[in-house]
Amino acid sequence: MNSSFSYEVLVIGAGLAGMRAALAAHNQGASVAIMTKVHPVRSHSNAAQGGINAALTDRGDHWEDHAFETVKGSDYLGDQDAVEILAQEAGQDIIALEHMGVIFNRSEEGHLGTRRFGGQKRARTFFVSDFTGQALLHVLYEQTLQAKIPVYEEWFATSLVKDDQGRCAGVVAFEIRTGTFALFRAKAVIMATGGLGRVYEPSTNALICTGDGMAVAYRAGAPLMDMEMVQYHPTTLKGKGLLITEAARGEGAYLLNSKGERFMERYAPNMLELASRDVVSRAEQIEINEGRGVKGCVLLDCRHLGRTFLQDRLGQIYAEAKTFANVDLAEEPLPIRPGMHYQMGGIKTDTEGRCWDVQGQWAGVPGLFAAGETACLSLHGGNRLGANSLLDTVVFGRRAGTCAAEYANTISSPTVPDSVIDADNNLVAGIVGRKGPGERAAALRLEMGITMNKHVSVFRDEEGMEAALRHITNLKTRWSDLTIQDKGQVFNTGLIAALELGFMLDCAEAIIVGALTRQESRGAHFRTDFLDRDDEHWLKHVLLYHKPDGPPHVDYLPVRITQWQPQIRVY
Amino acid sequence: MHTTLRIRRFNPEHDHPSSYYQEYDLEIDPSDSVLDGLIKIRETIDDSLTLRCSCRGAICGSCGMRINGHATLACKTKMISVASEGGTIQVEPMNNMPVIKDLVTDMAPFWSKIRQIQPWLQPEGRPPTAEYTASPESMSHLSGVMSCIMCGVCVSDCTVLDVDKTFVGPAALAKAYRFVADPRDSATSQRLNFLNQPNGMWDCTRCMECIQVCPKGVGPMDRIMALRAKGLAEKVPATCGSRHAEVFSDIIKHKGILDEPMLAIRTFGLKNIGRLLGMIPMVVQSVLKGKVPLSGPLHRPIPGIHHIQQLFKQVRIKR
C-alpha cells in the first residue's frame, strides 16, 4: 500500500537554492531527487525582483568591498569567513548562470550591466528587468529538465527520519494529490524550503512560505540560529503587503513624508534612500509614528524617472502599482510602508551547508544540509543587503549540493524501517478525522500573524514580546483541537494549512525566544528597552534547540571575525 | 460590495464523481481580487474548496482558472472588473487539461509539451571564460517571452487544443521562440525543423485567444508567427502549413480575394488526392448553404487589385 523511495541526496524545496543544490549534487555523480510542495516554477524565488550582487574583478570591482558592505549591513553579526566565500565566489556563479541562459541586462557593448542597490556604494547588482528571481528560477528549472533530475512535485514532507546512530536517513512525506504517505530514504537531505513569511500578517512572502523545513529540521534536533533577525522591507504595499523592489530606489526613486521632505537626509545623510534596509524601515516607521506619514504610509516617488524608463527597467512594479494600488508611477507617488520580508535566521549550517559541526562545537544532525533562506550560516547577520539573497541561494546551494554528494559517497546507506511513517500517518488521520466545530487553521494563523506584526516587528520591547509569547503558547494548545471540514484524501488543502500552521507556530516561538534573549539593538532587531548595540555582551549568535515539552534550550556561538572589527555603523 | 461566486466543483472521492456548481455569497471590497474572494470562502466558509494559489501578485502562475468563461489569474482579476454590485461571478477550472479537484487541474500534459521543445539553452562548444556577449536589444527582446510564468492560461483557452490534444500549444511554442531568438543558442535549425512537423508551429489557427488571455503580455501567437517567419527564412522543408501560408499570400497578391478551392488544391498538391477527397463533405455542405466559390480562371481579380499589389511591394521593401 505505502511505497518507499531511495536516493543518495534528497533536496526538499525547488526554489533557487534547492535546484542549484540538486544540480551540483547531480554533477558530482550522486543519485539525486527533488521534493517540493508546489511545482518548481511556483517557488517563491520568483518574487525576487531587483537583482543579484557580485563584485566582478574584470570590471574594476573588488570582492573585499562587497564583503565589507555585507558585514557592515549585517551589523557585524555575519560570520566573516562565510561572507568572504560569498563575495569571492559570486562572480563565477553569475557567469555560470549567464552560460545556462539567464538573459541578464547588457551594456551597449554587450557585456553584463549593473544597477545600484542599498547599503553598497558601487553598482554591482546584475539584473533582468525587475523579475530577476523569476528569470533565474525558470533557467535553473530548464537545467534540471536537461539533467533529468526526478522531481516529486506536490509532495509535502512532514518529518525528518534518523537512523539509530542519529544520522539523517531521509524524510517522511505524503503526495498531496493522493494523500498517500511514503518513506524517502536518503544518505543526505538538503533543506531548501525558503522562508517563513506567513508567520507574520501582512508579509511580502507568498502563501507557501511557512517555514516547513526550519520546523522539520528543528524538531529533529538541528539548532535554529539568530531567529530574532526578521527583516522588514522598506517598500511594501498597504493591505496584503506586496513587495515593491529596492531597485526603484536603486534607480533613483525618492522617499517622501507627508510634508514632501526627503526624510532620509536626517537618518542617513550619505546613503539616503539606499541605506541598509533596517535603517530605512526604522526611519519610515518613525516618520509614520510621529505623524508625518500618509494614512500609515510614506511615499515612494518615481515620477522623475519617466514613463519609458519605468516600463523598461521596472516594468513589473509599474504594472503592480497599477493593478494592486491603482497608482500610475509616472504620475503620482506610491504609498508604501515597512513590511515583513525575510528571515536572516534559520537552520544553523557551516560554509558547506552542513547542519552539524564536524568539530563538535555545536550539536546538530549529521547528514542534514540546508541552503537559502531556510539556512543561517550566518551570512546576513542582523540585516541582509538587497540582492544578496539570490546570491546566497546560488553560491551556498551549489556548495551544499557538492558537499552532500561527497558526504553521501563516504557513508553506507542508513537503515530505517518502513514503519517510521506510521506516526505522521496517524497524526494526519487524527487531524482529518477530528469531529466537531473546532477552530479553523486560518483563524489561528491570522491571530499569530497579527500578534507577531504588532509585537515582534520594527520596534520591540520585553513587555510586548512576552505578551506575544503567551499568545503563541496559547495558539499551540488550540492547534491540537483545530478541525477541518474536508475529510478527503485528494488535494486536501485544509490539511496542508493545518500542518503548515503547526510548523509556523514553532518558528514564531523561536523568533520570540531569540528576540527576548538578545538584550541589545542590532540590525533588524531593535529594542526600545535596549537601544544600543552591545558588542561586549552580544557579538554572538543565539542558538535554539527544540524541546518537545516547553521552551527551547538557548545556547550561543561566537561571531567569526576575519578582517573587519566592529565599528560604529553610519550610512 | 455584495457578490455571488458561482464555482464549478468536482470531488473525485464522491461515490459517483461529477462536477456541479456551488454558489457562495460574499461581502467584499470591490478592489479585492477574485482570489481574495476564493480565499475568504476557503478560510471562513468552506475549507474543502480546493485551488492552487501562492504569490497573490501575478508572479508564480498558480491560480490560473476561468472567470466568466475566460482563463486568467484569479489574483490579477479584480472583483469590480468582472461583476457589478449584487452580480454573479462564474469560476471554473482551466480547460484543455484534466480536473483533479474543484479548481485544481492536472498540469502534467502542459509540462510534457514544454519538455518536447527541449527547453534549455544549447550553445555551441564550450562557453567563454566570461559571459557571452549579446546586444542589449536581443536580451531585452527576450525578456518579453521570459516574463511567461507558465500559468497555463493560454493553453486553457487555445481553440486548437480544444479539438486536437496533440497540438504542442501556445506556451510551448512561445518557450521555443525564446531559444530560437536567443543569439547564444546554436540549435535554431533543429528547433525549427522540429516545430515544422505536424502538431507544431503551423497548427495554430491564429484565433488570437492566447494573446487576449495571457496575463503577462507574452503574446504567444505573435511568437508563433515569428517562428513561422524564421522557419521560412531558414528554408525548412515545405509542409501543408508553410504552403498554406505562401499560397494564401500568393492568391491575395494576384486576385485580391481568396480562392478557396485553389488554396486547398495548391496547399495539399494534386498528388495528395486523399486529403482533397476528404474535403468533399465540406464542399457539399458549403454548396448546400449556398456558398459556391468561383475558382481558377472564373475567380477574377477584384477591382483596384493594383492597390493590394502596391501594399505587397511596400511590405517587402520595409523588410
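This is a predicted model: local features need pLDDT of at least 70, side-chain atom pairs count only at pLDDT 80 or more; totals for chains, interfaces and linings use all residues.
Biologist: Let's start with the two chains. Which element gives the most to the side of chain B that touches chain A?

Modeller: The contact takes 51 residues from chain A and 41 residues from chain B. On the chain B side, the elements that give two or more residues are strand S6 (99–101) and helix H4 (136–146) of chain B. With five residues, the one that gives the most is H4(B).

Biologist: Now chain A. Which strands stand at the edges of the open sheet of five strands?

Modeller: The sheet has mixed pairing, and its order is S17-S15-S10-S18-S19 (chain A). An edge strand has a single partner strand, so one of its sides is left without a neighbour in the sheet. In chain A that describes strand S17 (375–376) and strand S19 (553–558).

Biologist: Which residue is the bridge partner of A:His541 in S19(A)?

Modeller: Strand S18 (residues 540–545) of chain A runs antiparallel to S19(A), and six bridges join the two. Across from A:His541, the bridge partner in S19(A) is A:Leu557.

Biologist: What angle does helix H15 (residues 493–517) of chain A make with S18(A)?

Modeller: This helix packs on the sheet, where H15 touches strand S10 (224–225), S18 and S19 of chain A. Taking the direction of the helix against that of S18(A), the angle is about 140°.

Biologist: How many residues in the contact of H13(A) with H14(A) are nonpolar?

Modeller: From H13(A) the contact includes A:Leu444, A:Met448 and A:Met452, and from H14(A) it includes A:Ile472, A:Leu475 and A:Trp479. Two charged and four polar residues also take part. The nonpolar residues come to nine.

Biologist: H14(A) also packs with H15(A). Is that crossing left-handed or right-handed?

Modeller: Their axes are 10 Å apart, with an angle of about 155°. That makes H14(A) roughly antiparallel to H15(A). Among the residues in this contact are A:Leu469 of H14(A) and A:Leu505 of H15(A). As H14(A) passes H15(A), the crossing is left-handed.

Biologist: There is also an open sheet of three strands in chain A. Which residue in S5(A) stands opposite A:Arg115?

Modeller: The order of this sheet is S3-S5-S4 (chain A), with antiparallel pairing. S4(A) pairs with strand S5 (residues 125–126) of chain A over two bridges. Opposite A:Arg115 stands A:Thr125.

Biologist: Back to chain B to finish. Which strand gives the largest share of the side of domain 1 that touches domain 2?

Modeller: Domain 1 (2–105) and domain 2 (108–233) belong to chain B, and their centres are separated by 29 Å. In the contact between them, 15 residues of domain 1 meet 15 residues of domain 2. Strand S3 (64–67) and strand S4 (70–73) of chain B each give two or more residues to the domain 1 side. The largest share, four residues, comes from S4(B).

Conventions
Residues are numbered from 1 along each chain as its sequence is written. Chains are lettered from A and ligands numbered from 1 in the order in which they are written. Two residues are in contact if their C-beta atoms, placed from the backbone, lie within 7 Å. Two strands pair if DSSP finds at least two bridges between them. Axes are lines fitted to C-alpha atoms, for helices over the stretch in contact, and angles run from 0 to 180 degrees between N-to-C directions. Ala, Val, Leu, Ile, Met, Phe, Trp, Tyr, Cys and Pro count as nonpolar, Asp, Glu, Lys and Arg as charged, and the others, Gly among them, as polar. Angles under 35 degrees count as roughly parallel, over 145 as roughly antiparallel, 65 to 115 as roughly perpendicular and the rest as oblique. A crossing is left-handed if the near helix is turned anticlockwise from the far one by less than a right angle, and right-handed if clockwise. Domain bounds come from an automatic or database domain assignment.
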